[in-house]
Amino acid sequence: MTLLWYLCIFFIYFSFVKLKITNINITNIISTRSSDRLEIDNSTRKLPHVTILGALINNEHIKILQNTSIDSNKDLNISSQSFILNSNPLLTMLDLCEIGNTSNAKIIIAGHMIDDNNDDDDLTLNAISYVSNFYHIPLITITSRENILSDKALHDFIIRLAPPYLYEADAWFSIIQKLKYTKVVLIYSQEEESRMVASRFQMLTDDSDIQIERIEEYTLNTNFTSLILNLTTEDRLLAHIDELLLAIVRLQKLENFVWIINERALKSNNSAFFDGLLAVKLNDSFNEENLLIDATQLIRNTFIKFLNYTPLFWSENMSVIDCLSTEPWIYGKDVYKTLVNTSVKHGKTGNIEFNEEGDRIESLYNIINIQFGQQKIVGFYRSNTSTCNTSRMCREIIGKTELKLNEEEIIWPNGLNRKPDGIRTRRNVSVVTIAEKPFIFLRPGNNCELSSEVYCPHKKLNGSTDEEYEPYCCYGYCIDLLQELSKNLSFFYTLHLVADGKYGSFEKEGDDKHKRWDGMIGELLNYQADMIVAPLTMNPERVEAIEFTKPYKYQGITILVRKDTNKSHLKSFLQPFKNGLWIMVLLSVHIIAVVLYLLDRLSPYGRFHFVQQHERNPIKKKNTKGDKLSLSHALWFTWGILLNSGISEGVPKSFSARVLGMVWAGFAMIIVASYTANLAAFLVLDRPAASISGINDARLRNPQDNFTYATVKGSAVDMYFKRQVELSTTYRIMESKNYLSVEQAISELRDGDLNAFIWDSPRLEYEAAQDCNLITAGELFGRSSYGIGLRKKDPWINPLSHAILSLHETGFMELLDYQWIYSNNDKQCSDRSSSPATLEFRNMLDVFLLVAGGVIVGFFVLILEIIFKRQKERIQRENEISQKVMVYWKKKVDRRNQQRSTMFESDNYEQQILHSNSYFPLSSKRINNHVSSNIC
């Protein structure tokens, strides 16, 4: 909004110039300018000349600048032309343009006009800075200390001889370190100036011994009484307070605190000051008279470096501030950079140097102490505001600064001569806890490590009047939390373990007719302890009896079970396809085989092929039996294509069958690729799952005899199931099976005597991280949180709650989670939920068993083949013998038949002879004798 105002002013002025509207009465300005002009003779004008344009608040400062600029050296002449600042920014800009144009000034020195209505919000100086930025004219401010002028995004050409209020934070930090305080509460208003100082102080305290425990930003409508009461009831030191002084005095919140105020508050209301206040104030030497003298010396030292520059730089005919033009001064940036790098030794206000922002590096502050209503100087601080980018670098620079503080001369609040502690009286707190991993680990003995362990004895319940304790050292999540809270809130504590080992339940004990709290809550209510620091769940029953801080750990209830190790079996390799698809694939194999056989058999080109004779004449030859595609060969072909095995024989011969074979090959490729992809998903990404799905699992809602589950008796989980109507059946079943301790239940779960253990999620997640055979099942239910337990209306409630919230914001609680719950396991369990795991032998065991089965079946078939072969050979031998016998008998029969035919022929012959013997009797007798001899 301010920037828009500057733009509006500037362009309004341009309009005045262009329209030649010059009715503004500047008689006083001209007269002042005439009186301020320096009479320079012709001899001196031959030297390089620099004119300073002064925008000052009164004539006295104009005379001081005039007298100072007269003291020129032999190499450079310096003069000044000035005008008095006007509270109206528009009129100031008109004067600046008018005199700047006629004087050929190369640099501007501006005073600081304080507006009664806006305090240090000087619009006039901001308007001059805007013109300086626009025309690249260096601007030296002598007394302005607004932090906003250090913003280089808005003010590029400003050099500041007086340090901004921003660097008071360096003095505060050094004073607090000197007084050896470590706790600070920072209070500031919503003004931008206050916020910038607070931001600087916060940056300095980052990662240092000084801790800002609380930050309060107030407005004009803030109830200061309640604010001070809220702050001072807590054990903290308070720094940077402005308009709250009256409330502090009224409430008498003076003892045990050191109150430090800033310089602006020191100038505001003297009647509100009380003895003991500390403040930081710029040294009185930083007045306008001294700063004007130092500014002139700085300009002289700067422009001497330009003596050998181009004549155009020293030309007096060129107006640097020409409001009729929009061109900036071409040498403005060079002059500004040189000005920033120029120093003045032993000036009126000390040594002058500048940092990268154009702010003065070395300044002198007085440390003020209010004594009897008067301001007394009790020390000084010489600052060093060199450019630093980190808090550590800034602290190293501050560590080299000069600080002198006479503590013996200081009067502290309420007129005390003793330095306050900065906190209220320290309080010893008795803390009770319980052994519960990972929050409280126990180690027998009393030789505890001071850095990480705390001595925590356990009282024995032996029924005797003599108290006996078992020595233990405690460490873990809650111990780290307790140590951090003790450090932040500055309290001491003693720790002990609860005697009966219980969290706390509201039950009857023995013959007692009334219910009483036992465990840690019982000890707290019976004033045996002041605080419970343990994994104590915040539930309605406990909230009625005690009070909790803000939660330090959010959690829920979950179920711990053993992992179900999924062993791969043959069915795993059938899972990628449904049963219907497997059946269709098997049917397809055999149907395609039959179709291939028929196509090859019926095709006219299936049973015949051409061969080349020696004469190279193609003749048609019929296929032999081995060349034909039999049904068995067709089955072998279809199975070989599907299983991607080589086929070297028994392939289709006809073109029609081969077309079907190619289509079948494409079908097989798609089926095999789909099967491979789904099998990878089932085998590689498959991981052991919990045996139950969660609290809504049917085995918990409708209990079974072979499935046991339990929790810890009298715990918050037990109370939760007791309250929930929908879980009444589950509660009744496990009520009689509940264990007395968590350790016993987890041991039974590992041994297999317990199927599921229901408990708080942090402990079960810790156990699952430690033991890869355990896993949490289902989502969290019964969400709640852990808190620190105290008695009702305990004053430590608010401090502890604020400290816990602060630890959450800084990430400390998250670090404890990773240190003690999630990442404290010795062996890393494989996490197969986020990335594929490597297949193991057990995953592929059944595949090897399938191969072994194939080997066994192969040998079995081999035995059958051998038996079949031998049987076939035996039958063949028998057939051969039969054939031989048949051949033998056939031959024998043939011979016999032949003999008979021969005899028949012989009989015929005899008859012919006998017939003939009737004519030849002697011959007939010889023939008969011959026949008789043959028969014999």
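**Notes on a predicted model**

1. Strands β17 and β21 (residues 472-475) pair in the antiparallel sense over 4 bridges; pairing requires at least two bridges found by DSSP, and strands are DSSP runs of E, at least two residues, numbered from the N terminus. Leu442 faces Cys474 of β21. The open sheet has 3 strands in the order β17-β21-β18, with antiparallel pairing. Its edges are β17 (441-444) and β18 (454-455), each of which pairs on one side only.

2. A word on conventions: this is a predicted model, in which local features need pLDDT of at least 70 and side-chain atom pairs count only at pLDDT 80 or more, while totals for chains, interfaces and linings use all residues. Residues are numbered from 1 along each chain as its sequence is written, and side-chain values use heavy atoms, with hydrogens and water left out.

3. Next, the aromatic pairs, which total 35 (ring centres within 6.5 Å, using the six-membered ring for Trp; planes under 30 degrees apart are stacked, over 60 edge-to-face, the rest tilted). The Tyr552 and Tyr786 rings have centres 6.3 Å apart and planes at 40°, so this pair is tilted. Tyr552 sits in the loop between β26 (547-548) and β27 (553-564) and Tyr786 in strand β33 (residues 774-786), so the pair ties together parts 234 residues apart in sequence. Both Tyr552 and Tyr786 are buried (under 20% relative accessible area with a 1.4 Å probe, protein chains only; exposed is over 50%, partly exposed in between).

4. For Phe757 and Trp759, the ring centres are 6.1 Å apart and the planes at 20°, so the pair is stacked. Phe757 and Trp759 are both buried.
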